Each structure stands twice: as structure tokens, then as C-alpha cells.
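Dear colleague,

Please have the coordinates open as you read.

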Amino acid sequence: MKKCQTRMRGAFILWGMHVLLVLLAVLRSSVAINRYPWPNYRPWPIGKSRGLVWPKPQEQTFSPETLEIHPQLTLAYRGRFCLTLDRAIARHRAFVSRVNSGTLHQPAAPAVHRVNILMRDGCASQRLSMGVDESYEIRITRGNSSTIQSETVFGALRAVETLTQLIYPDPTRTRALVNSTTIRDWPRFPV
């Protein structure tokens, strides 16, 4: 009697594994064919927040003035080579090129051409540790006068990531837009 129950239990487990494998195969094939797990699923497009930042900064002045991000936007800093910041700038450029069609055109709205990054400490502190100042201030204005100011490279890094969140596409998805904004932020829970 015990042998029979053990065999039935083993057969039931084997059957369950076969069903699971078949379900996984069907799911994988539907993902491969549709690129999405179910037919009407589409991910949210970039820009639902219309330039809002998450998590919310400590201080933000948000203006309704819409500025266009020039397709050849420059993020520039002075001083010695800083790999951490260069990587953040490269990620930002890749994002802007995905949002912006990349076509060179005469901006329809006032445009942001350049963002100057000013770090008081330069790139001296290459390692993040307890007590490092990560505060920053962003001022987005038309032309070449937009700035990011921070004490350290880590504040500048946070600011570039915040700048990326501020950018959203226009309805035709051919231009990258940003509102004229001023943000001051620092860690909520300082050490």
C-alpha cells in the first residue's frame, strides 16, 4: 500500500513538472512573438511625469516656461578628468538622443544649449564615503547660462541624474523639452 502511494505521489509530481514546462514554453514563445507577455500590453512612454523629479527634491522652483533641449546640448566642467562624471554625462547624452529625434532644426522654443557644471572640490574625492557632501543646485535657463553647482563630484553626479529626469519629449516625440527650473537638493538623512 505504501509503495503504491509513493509511486502515485511521484507520478503526480512528474505530471506537475511537465505542465509547468509546457506553460513556460508557451509563455516564452508568446514573449518572443509579441515582445510583450500579453497582446495589448505596452510600456508607458517616457514623459508621463512631464519633467517632475523623483524622489522630490528639498527645494524646487518650477516655471511654466518651456525650453527646448538643443540636439547638441553640451554639459561641460573644468578641471582634471573625472571618470565618474564623464560616465554620467554619457548616460545623459544617450537619454537625450533617445528622446530627441536627433535632427538638427531651428528650435521652435527658446533652447538650452549648454549646462556648465561647477564643482568647488573638483574631482578630488573620487570615492564616496560617509559624510561626503552630495548637495547640488541646478538652474535651467535659456541659452548658455544653465548651471549645476556642487561641492563634490557626487553632488554633480546626482544633479546630472536629476537633469535627466527633468527632460521630457514633445507630443510629436521629435524634440526634448524642459521647463525653466531651479532645484536645490541634498540627502534627506545626512550622516
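In helix H2, the residues that are buried (under 20% relative accessible area, with a 1.4 Å probe and protein chains only; exposed is over 50%, and partly exposed lies in between) are Leu-85, Ala-88, Ile-89, His-92, Phe-95, Val-96 and Val-99. Seen down the axis of H2, these buried residues fall within an arc of 120°, so they line one face of the helix; the arc is taken from the directions from the helix axis to the C-beta atoms. The face turned away from that buried side carries the exposed residues Arg-87 and Arg-98. Helices (H or I, at least four residues) and strands (E, at least two) are DSSP runs, numbered from the N terminus.

This is a predicted model, in which local features need pLDDT of at least 70 and side-chain atom pairs count only at pLDDT 80 or more, whereas totals for chains, interfaces and linings use all residues. Residues are numbered from 1 along each chain as its sequence is written, and side-chain values use heavy atoms, with hydrogens and water left out.

The cover over the buried residues of H2 includes strand E1 (59-77), strand E2 (111-119), H3, strand E5 (168-169) and strand E6 (176-185). His-92, which lies in H2 (residues 83-99), counts as buried because its relative accessibility is 1%. Leaving aside neighbours within four places in sequence, His-92 is in contact (heavy atoms within 4.5 Å) with Leu-73, Leu-75, Val-160, Leu-163, Thr-164 and Ile-167.

With regards
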